[in-house]
Amino acid sequence: MKAAIDPVTLATPFFIATVILEIVLARFGALKAHYETKDTAISLTMGLVSSVAGLLTAGASFAAAVWIYQHRIFTIPMTAVWAWVLVFLLEDLTYYWFHRLSHERRFWWAAHVNHHSSQHYNLSTALRQTWTGGVAGTWLLWLPLSLIGFPPAMVAIQKGVSLVYQYWIHTEAIRRLPRPIEAVFNTPSHHRVHHARNPRYLDRNYAGILIVWDRMFGTFQPELDEEACRYGLVHNLGTFNILRVAFHEWIGMAQDIVRQPRHVLGWLFGPPGWTPDGSRDTSARLKAEWAARQAAPEREAA
Amino acid sequence: MRGEGFFLTPPKARPRFRLVNAAALIQLAVSAAAVALMVALAAWATRGRGAPPLDQAAARALLADEFPGRRVERLWLAADGRGALAKAGEAALVLTRMGDGYAARHVPWDRAQAARVEDGRVFIPLSDVAAPRAVLALPDWPPKGLAT
């Protein structure tokens, strides 16, 4: 079930046209973009199937929002400008925490990892969407908005607006925008950092539309000219099998739980890379090791 | 009701849900066709622009990025330049081509040394759902004269 106005559906022709434009212009050297055939096929197929997979849980999540809305605290009119400003801010804040949770806890990372599994960063990467987000239940995070009193359709529209906004920032074609924009909004530069696997850039810039949340909550990292982004996962995929791409983290997590069931909570809700014996890499460890390596030459020089 | 009766079908009689389903199916079919077009365009745009074969310097740079702090003792480049394998202590560091990039994993050296060889290709199990195995063109594998 969808809202009467679905910004993502409306924007789909724009998505297609701009991917085509980016590929063609990059081919003739008119802008910076790197495409690879199999990678593009995986990204776009992930996007196509995710739109179908999303329908399977959309009804339940929308019904839950409607039910919650029946027990709302306030009644917020969909026709008021202030209400749209407020839902814009609160939905974007919700997105920040959803996104942060999706990176910092393995259960939700299992659903979100797909979006980061490309070694490329172009408009097709934006469409590399999860098939299992609905099952992971992150939509629960948006229910408080309906409890406050925002009509579920209003929340759904704003979620769509946020998704459409985040599409165009998946590009290397735009280097930096004017400073006031970079200060307030999530931009291609900020989001390149988010998709980078360099230790310095890991787990940074979770923003949806407003980068101010990252600045407020201490997760902001600007893109540095001296450190080019290397895209993908800490351990990049070694297969183009789309089922492995879609489900590898879920399967890996299940294997870990079967192997050591008494650590089930750690396997499920620890950070990605968590193990009872610390034998794998977490973002925190990779960042700490990187910081130590950076400090070592300085100590030697001193 | 206005329009009901002679000229228009009453709203109750309209199979509305079928229309919605048909629209969704058409939308899906058009999207699938668009995906095929975009992939074909990507194939055309990147034709002849694949990654160059790995050489020693490129392989060492990649290994340094992927396994910082590990000292490479020996390095074997795949004959087709699509990967490399290095010995670093008790570990085998494996690089395997993925599109125009690489995936890297490390496995116990013994496992790499005992890997199946067929037609000059080594099949190294990586024990990872996201990277089940690496296939490297190393005709002279396993190396001789190396202590395990």
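Chain B of this predicted model exposes about 8,800 Å², and carbon and sulfur atoms supply 58% of that area. Of the 148 residues in chain B, 38% count as buried. The secondary structure of chain B consists of three helices and seven strands. From the N terminus on, these elements follow the order α-α-β-β-β-β-α-β-β-β. Among contacts in chain B between residues at least 6 apart in sequence, 38% join residues at least 24 apart.

Several features of the backbone of chain B can be assigned to particular segments. B:Asp119 is not a glycine, yet has a positive phi of about 50 degrees. This residue, B:Asp119, is placed in the loop between strand S5 (116-118) and strand S6 (121-125) of chain B. With a relative accessible area of 75%, B:Asp119 lies over the 50% cut-off and is therefore exposed. A positive phi is also found at B:Ser127, again a residue other than glycine, with a value near 55 degrees. The loop between S6 and S7 of chain B holds B:Ser127. B:Ser127 is exposed as well, its relative accessible area being 61%. In the segment after strand S7 (133-137) of chain B lies B:Pro142. The peptide bond that leads from B:Trp141 to B:Pro142 is cis, and its omega is near 0 degrees.

Chain A contains 14 helices and zero strands. Its pattern along the sequence is accordingly written α-α-α-α-α-α-α-α-α-α-α-α-α-α. The radius of gyration of chain A is 20 Å, close to the 19 Å given by the globule rule for 302 residues, so chain A is as compact as a globular protein of that length. Taken along the principal axes, the C-alpha atoms of chain A fill a box of roughly 65 × 55 × 40 Å.

Of the 302 residues of chain A, 50% count as buried. Among contacts in chain A between residues at least 6 apart in sequence, 72% join residues at least 24 apart. Chain A carries 27 positive and 22 negative side chains, and 3 Å separates the centres of the two sets.

Aromatic pairs were searched for in the whole structure, and 21 were found over all chains. In one of them, the rings of A:Tyr96 and A:Trp97 have centres 5.1 Å apart and planes at 85 degrees, so this pair is edge-to-face. A:Tyr96 is buried, with a relative accessible area of 0%, whereas A:Trp97 is partly exposed at 38%. An edge-to-face arrangement is also formed by A:Phe107 and A:Trp250, with 5.2 Å from centre to centre and 85 degrees between the planes. This pair links distant parts of the chain, as A:Phe107 belongs to helix H4 (residues 106-112) of chain A and A:Trp250 to helix H12 (residues 242-259) of chain A, 143 residues apart. A:Trp250 counts as buried because its relative accessibility is 19%, under the 20% cut-off.

A:Thr18 is located in helix H1 (residues 7-27) of chain A. Its relative accessibility is 16%, and A:Thr18 thus counts as buried. When neighbours within four places in sequence are left aside, A:Thr18 is in contact with A:Leu123 and A:Tyr167.

A:Gln221 occupies the loop between helix H11 (212-217) and H12 of chain A. A:Gln221 is buried, with a relative accessible area of 14%. Apart from neighbours within four places in sequence, A:Gln221 is in contact with A:Val193, A:Arg200, A:Tyr201, A:Arg204 and A:Asn205.

A:Lys287 is part of helix H14 (residues 283-301) of chain A. Residues up to four places away in sequence not being counted, A:Lys287 touches A:Pro199, A:Arg200, A:Tyr201, A:Leu202 and A:Arg204. The C-alpha atoms of A:Lys287 and A:Ala63 are separated by 42 Å, the two residues being 224 apart along the chain.

Notes. Residues numbered from 1 in each chain as written. Chains lettered and ligands numbered in written order. Predicted model: local features only at pLDDT ≥ 70, side-chain atom pairs only at ≥ 80, totals over all residues. Heavy atoms only, no water. Helix = DSSP H or I, 4+ residues; strand = E, 2+ residues; numbered from the N terminus. Rg over C-alpha atoms; globule rule 2.2 N^0.38 Å. Buried < 20%, exposed > 50% of the residue type's maximum accessible area, 1.4 Å probe, protein only. Contact = heavy atoms within 4.5 Å. Lys, Arg positive; Asp, Glu negative; His and termini not counted. Charge placed at Lys NZ, Arg CZ, Asp CG, Glu CD. Phe/Tyr/Trp six-rings, centres within 6.5 Å; stacked < 30°, edge-to-face > 60°. Areas by Shrake-Rupley, 256 points an atom, 1.4 Å probe, with all protein chains shown as cover.
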